[in-house]
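Subject: Structure handover

Hi,

Here is the structure for you to look over. My notes follow below it.

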Amino acid sequence: MLKILIPSMFMLLTTWTSPFKQLWSTILMYSFLVATLSLTWLAMPTDTGWFYINNYMAYDPLSSPLLVLTCWLLPLMIIASQNHLAEEPENRQRTYISLLISLQIFLILAFSATEMIMFYVMFEATLIPTLIIITRWGNQMERLNAGTYFLFYTLAGSLPLLVALLIYHSSMGSLSYLSLTSLPLTCSNLYANKLWWMACLLAFLVKMPLYGVHLWLPKAHVEAPIAGSMVLAAVLLKLGGYGMMRIMIILDPLTKELSYPFIILALWGVIMTGSICLRQTDLKSLIAYSSVSHMGLVAAGILIQTPWGFTGALILMIAHGLTSSALFCLANTNYERTHSRTIILARGLQMVLPLMATWWFLASLANLALPPLPNLMGEIMIITSLFNWSFYTLILTGLGTLITASYSLYMFLLTQRGPIPHHLILLEPSHTREHLLLALHLLPLLLLIAKPELVWGWTA
Amino acid sequence: MNPYILTILLFAMGLGTTITFASSHWLLAWMGLEINTLAILPLMCQSHHPRAVEATIKYFLTQATAAAMLLFASITNAWITGQWNLEFMSYSLPTTLVTVALALKIGLAPLHAWMPEVLQGLDLTTGLILSTWQKLAPFCLLLQINPSNTSLLLILGLASTLVGGWGGLNQNQLRKILAYSSIAHLGWMILVLQFFPSLTLLTLLMYFVMTFSLFISFKVNNSTTINSLSMSWSKTPIISSMVPFILLSLGGLPPLSGFMPKWLILQELTKQSLAPLATLAALSALLSLYFYLRISYAMTLTMSPNTLLNALPWRLPSNQHTLPLAITTSLTICLLPLTPAITALLTL
């Protein structure tokens with residue numbers, strides 16, 4: 001663990017002391033080294049149990065896929081940001097890279113935390129670099145509003161979480177993950193206990209996001225630059241899912257009744273946000289709402305609290321992370337050429353950029369959960385566990401799958417097929433860098449078809 | 001100002017606070033507070049600007065009222081208990097009167113109305129002294145008398161955090177924003193006074209460090225409104241990039257050190273079964289965070305990426321001594337991992 005954390009911390013130093021001509025190559029090389037080393041975390045000699053590095057950091061089959069995803073994403077973010085930062089002054093480029101690296105450090109510390117307060121502090125700590133990336137390097141005036149929504153939605157949810165954790169700590173004495181399994185809070189039907197249950201989950205539901213409190217996400221994803229969108233979609237939403245999975249242990253048995261409205265809200269959100277996707281004019285906004293849709297399914301899977309639910313949620317989180325990040329990279333290739341996110345302005349691109357059309361095709365197929373990709377595996381497991389809980393959810397999840405397929409296909413057909421408008425004939429051809437970026441996103445997804453044991457957690 | 005006069009006034013301010021620190025007799029404590037007030041008055045109106053004189057008069061009147069209330073409370077205590085010792089105040093009437101008098105002295109809500117107007121009339125350095133040094137003596141007294149009127153303290157604390165949050169939302173003058181931020185932080189300090197007085201001291205010291213960084217950053221840029229901050233990136237790019245962190249630390253965001261007092265206070269309040277109060281106080285901190293965020297947007301996060309075509313202010317070589325700023329900024333940002341050591345030090 002330290003062989004990954006300490007090099008990541010020292011990459012901050014490398015960012016500021018590299019000669020400027022070699023900055024991007026150096027940082028890319030080091031982040032790839034760190035990402036390769038992080039793959040060792042996936043090797044689990046036993047199926048259950050923790051791997052301890054020290055008293056404060058550990059990983060288990062739930063957190064290791066997310067840790068690997070975090071480390072894998074940093075080189076991808078660096079490749080993606082290289083173009084739009086090329087005209088900036090030197091110190092600002094270094095600052096941007098430092099923000100990305102510090103984000104990775106906080107995320108590693110968050111996913112490997114062994115104690116809930118450490119997780120909470122690192123969960124909040126990821127807000128600051130993300131806020132700076134969105135508000136400083138976003139491209140439109142609305143980015144300030146986006147940053148404010150992002151910060152305040154998340155904080156309004158997580159301050160009650162802090163108080164709830166402190167309540168648990170003062171009555172149970174410890175918030176270490178080890179002891180959480182044996183210390184559920186004694187259940188009584190007091191209203192205060194229900195408020196405590198809500199306070200524990202609200203932060204993660206806002207982060208995921210759940211349908212009613214999702215308004216920050218389209219704003220933040222759309223206004224962020226490409227690295228910000230990538231890290232938000234791929235990893236920061238999963239912090240919410242991971243936190244929910246960890247804290248579910250102490251919330252039994254209140255969850256049996258109290259989770260009912262949230263499962264329904266999550267499933268309704270799948271349909272509503274999917275339908276909104278069908279009417280979007282802004283490409284990044286479409287992908288952002290599609291993220292809400294998939295994460296609604298993840299939230300429902302976690303709240304069901306069955307082994308298949310958790311496994312499906314984790315697989316869907318990893319697969320969605322890679323897919324959504326790939327879609328944002330594709331949208332960014334459009335944006336860098338036309339400087340507009342309007343879908344109808346960049347139509348029929350298969351004629352001009354045929355190789356990019358291949359990536360669009362694969363990413364859209366992944367988004368609509370085509371078998372045998374892990375996206376489908378996650379969705380099927382969640383849908384099955386929901387069906388086991390109640391037959392009627394099949395209506396909602398079936399409809400949701402249908403709508404997901406429609407908007408993914410709609411996005412693909414609208415951007416790639418059809419006649420190409422005249423103003424796009426002279427588009428810059430695809431860079432090798434962009435092909436590399438998308439290959440690195442989609443190749444792990446394809447490889448996961450062969451060995452899903454790596455990402456299905458400790459329950460299956 | 002004549003350096004001899006300045007020396008005398010600064011020494012007198014130090015003397016006043018020190019007398020209050022060292023006193024165990026109420027009259028001596030009151031005397032220290034009065035010397036403190038009188039010594040800062042010439043500093044406040046040294047520019048002879050009508051606004052500064054107005055601020056000085058307002059400050060004098062409120063502080064004199066508070067000192068008189070303090071004197072009456074100590075006389076009442078002497079009448080009831082027969083002794084003048086600070087620590088042995090066991091009856092509720094004098095204790096409550098002293099608490100309210102000291103609340104007026106430091107500017108807790110609902111006795112806060114003088115604070116924004118007084119700070120607005122001062123220059124940034126005197127404002128800094130008002131926000132930091134002048135709070136030391138009253139807090140020393142508050143920590144020693146151990147007020148036992150829980151509901152009064154909680155009302156003062158909660159009202160201060162809410163007023164500090166809501167009041168600052170409509171301001172674009174930096175000194176008024178700093179005044180409301182001071183009110184909010186003082187509210188947090190008072191909330192935990194009865195349960196864990198060391199945390200009050202910790203919050204006070206952390207607040208001093210953070211506010212010092214912010215005041216000096218504003219002074220380096222010589223700006224008193226949010227709008228004038230927007231040119232600071234060209235004058236002092238590094239200070240401009242550090243100020244968002246100072247502001248977010250004031251807002252209490254982890255992993256910056258401003259989170260430390262809030263975390264420890266929330267922990268203490270939940271231990272005392274005051275969880276709804278803790279939640280309310282935590283959410284009211286979000287109000288202050290909004291205007292801190294707005295300042296950081298104006299100053300740093302909306303830097304123009306390209307070269308500007310309009311006229312910029314002259315960038316003259318500055319001989320400001322920024323070493324204290326460097327030290328306090330580092331403390332404001334990096335102190336959170338030392339929380340166990342600091343709490344151990346304060347509970348010695």
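**Salt bridges**

Glu336(A), Arg337(A), Arg433(A) and Glu434(A) are joined in one network of salt bridges. Please keep in mind that this is a predicted model. Over all chains, a search of the whole structure gives 10 salt bridges.

Another one in chain A pairs Lys451(A) with Glu453(A). Their closest N and O atoms are 3.9 Å apart. Lys451(A) is partly exposed, at 44% relative accessible area. Glu453(A) is partly exposed too, at 42%.

In chain B, look at Glu54(B). Its side chain meets that of Arg51(B) in a salt bridge, 3.9 Å from N to O. Glu54(B) also forms a salt bridge with Lys58(B), and there the closest N and O atoms are 2.8 Å apart.

Helix H3 of chain B, residues 50-81, holds both Glu54(B) and Arg51(B). These two sit three residues apart, about one turn of the helix. Lys58(B) lies in helix H3 as well, four residues from Glu54(B), again about one turn.

Arg51(B), at 24%, is partly exposed. Lys58(B) is partly exposed at 26%.

**The nonpolar core**

Which residues touch the most other members of the largest nonpolar core? They are Phe119(A) and Ile247(A), in a core of 273 residues. Helix H11 of chain A, residues 226-251, gives this core its largest share, 18 residues.

Now the surroundings of Phe119(A). Setting aside neighbours within four places in sequence, Phe119(A) contacts Ala110(A), Ala113(A), Tyr177(A) and Phe204(A), and also Leu239(A), Tyr242(A) and Gly243(A).

**Transmembrane regions of chain B**

An unreviewed UniProt entry lists these residues of chain B under "transmembrane region": 57-80, 92-115, 151-170, 177-196, 202-220, 232-253, 273-293 and 323-346.

Here is how two of those spans look in the model. Residues 92-115 are 71% helix and 0% strand. The end C-alpha atoms of that span lie 28 Å apart. Residues 232-253 are 82% helix and 0% strand, with end C-alpha atoms 24 Å apart.

Is Thr200(B) buried or exposed? Thr200(B) has 1% relative accessibility, so it counts as buried. This threonine is found in helix H10, residues 197-220. Not counting residues up to four places away in sequence, Thr200(B) touches Phe139(B), Leu143(B), Met189(B), Val192(B) and Leu193(B).

Met31(B) is another case. Its relative accessible area is 36%, so Met31(B) is partly exposed. Met31(B) lies in helix H2, residues 26-44. Between Met31(B) and Thr17(B) there are 9.7 Å in space, C-alpha to C-alpha, for a separation of 14 residues in sequence.

Best wishes

Terms used:
Residues are numbered from 1 along each chain as its sequence is written. Chains are lettered from A and ligands numbered from 1 in the order in which they are written. This is a predicted model: local features need pLDDT of at least 70, side-chain atom pairs count only at pLDDT 80 or more; totals for chains, interfaces and linings use all residues. Side-chain values use heavy atoms; hydrogens and water are left out. UniProt positions are given in the numbering used here, feature names are shortened, and annotations may be inferred rather than shown by experiment. Buried means under 20% relative accessible area, exposed over 50%, partly exposed in between (1.4 Å probe, protein chains only). Contact means heavy atoms within 4.5 Å. A nonpolar core is a set of buried Ala, Val, Leu, Ile, Met, Phe, Trp, Tyr and Cys residues joined through side-chain atoms within 4.5 Å. A salt bridge is a side-chain nitrogen of Lys or Arg within 4 Å of a carboxyl oxygen of Asp or Glu.
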